[in-house]
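Me: I am new to this structure and would like to learn how to read it. Please take one feature at a time, starting with a helix.

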Amino acid sequence: MSAANGAPRRVVLVDFDWQDADLLPQLLQQPGFSVRLVAGERSDDAGVRLAELCGLPRTVDLADLTREIFDLALVSERSARRTQIEGLLLALGTPSVSPQSFLAGGGLAADTTPGVQAPLAVHAAAFETTLGGEPFDALVEKALSDLSSEAPSEPQPVTLRGERQLVIPSLENFPTTEDRQGLETALRELMHDTGAGRAELHMGGHDQLELVVEVGPQDPLLKGLVALAIQLGTPQIVGSISGSPGKAWGAWPFRTPQRRGVLAAAGIEPPSGWAAWQRTVEDLRSTWDQHDREIASAAFPMLAKPQTGWLSIEEFSLRLELALERNRRDGMRFALHRLTFAGGEAAFADLSRELPGQLRDTDCITIPGPNTVVLLTAGTRDAFTNARRRLMVLWERVWHESGQTTPAPAMTDERIEMHSPAEGEAFLTTAGAWIAAS
């Protein structure tokens, strides 16, 4: 039952009645089984009451299911809202089974498709409901009116965008990020082929990198090149070093939707051998990029390693592509806003510091130019109504705190929505124009 990296699998229990609750002691004894949340419809539900007695986290708000990535959900077969719940879980990329099926399978969830078959647009509607959109019944009615009888009820293959347009038939071309031993073996083989004396692989989230694999003795020059590659985000290659003729040192940064990293090598001989390391970085990046995008596009805007706060233009552009793939997959709608705050630089600087705290974790924001914010939200523009009110109140406050006595200038909100895949290209074109023109 453990996850692929050996850690306990994160499990959420949903809408347990007393018949399901009787299975809880047996479930808690499963190896590698970690109950991270128990969700119910009311506080007096059997599952919620038993969770309180056991000291387990509990909630009666389905939106809490979007605040963490779960490996598995156990949903009661008798839940009155099972279609909505399984739709939400499918939208999040979380497999779900009944507790009885889970135990009957000896702890292995073989059948993880929803028990109630429905078009993918219905599953997307369930997710939109939890993000503050329209009532679930209203969203379902809209979704079904536009669907044919052949509408898919299972996720379709992901079609990747991007400059390289690579098609990778198998992830076996390079070890996964969790396979440290496989990564070390791959680096040793590359070192042998290129005469390198040391190799390093640094990986992590958006904030910090860690050294995950190292082969060979320490090298001060390589350490400096890695630091520069991390700081500048560009490859750093040095050759013809005094005392070591005919060798090269290099550090190559890379980025995927879920992680970033640096691959580095020291004492490459002959110097032209650095080209093999650069090709390896591209293979590594594209393989992991394929893997990460397949996972991220299925669950977007929920990400396993979310980055909150301001995004760079590159990071924001990547999330636009993930939104497009998510819309193609199940019809989830997205809205793009260009917010303009006319006025002094001091007021906008104060706004920038506080604005991320006014938004949801699923919102993506970037500053492409002076006094301009571009914002990507899941759901229609109506789902942004409450956040917009908070932003207007914040803008008024920081405007007066900056020493201004006149009313704050109006916040300009230009918007475009993506309801169907047919609108995807126009959505990306508008986003690109807003970012470039600001």
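Reply: The expected span of a helix is 1.5 Å times one less than its number of residues. Helix α9 (residues 220–232) has 13 residues and should span 18 Å; its end C-alpha atoms are 19 Å apart, which agrees. Helices (H or I, at least four residues) and strands (E, at least two) are DSSP runs, numbered from the N terminus.

Me: What kind of model is this, and how are residues numbered?

Reply: The model is predicted: local features need pLDDT of at least 70, side-chain atom pairs count only at pLDDT 80 or more, and totals for chains, interfaces and linings use all residues. Residues are numbered from 1 along each chain as its sequence is written, and side-chain values use heavy atoms, with hydrogens and water left out.

Me: Which residues of α9 are buried?

Reply: Buried means under 20% relative accessible area, exposed over 50%, and partly exposed in between (1.4 Å probe, protein chains only). In α9, the buried residues include L222, L225, V226 and A229. Seen down the helix axis, the buried residues of α9 fall within an arc of 105° (taken from the directions from the axis to the C-beta atoms), so they line one face. P220, K223 and Q231 are exposed on the other side of α9. A227, also in α9, is partly exposed at 44% relative accessible area.

Me: What is found at the two ends of α9?

Reply: At the start, a side-chain oxygen of D219 comes within 3.1 Å of the backbone nitrogen of L221. After α9 comes G233, with a positive phi near 75°.

Me: Which residues touch the most other members of the largest nonpolar core?

Reply: A nonpolar core is a set of buried Ala, Val, Leu, Ile, Met, Phe, Trp, Tyr and Cys residues joined through side-chain atoms within 4.5 Å. In the largest one, of 22 residues, they are L201 and W277. Helix α10 (274–299) gives the most to this core, with 5 residues. Beyond four places in sequence, W277 has contacts (heavy atoms within 4.5 Å) with residues including L187, W252 and I268.

Note on methods. Polar contact = N/O pair within 3.5 Å; in protein donor to acceptor, adjacent residues only side chain to side chain.
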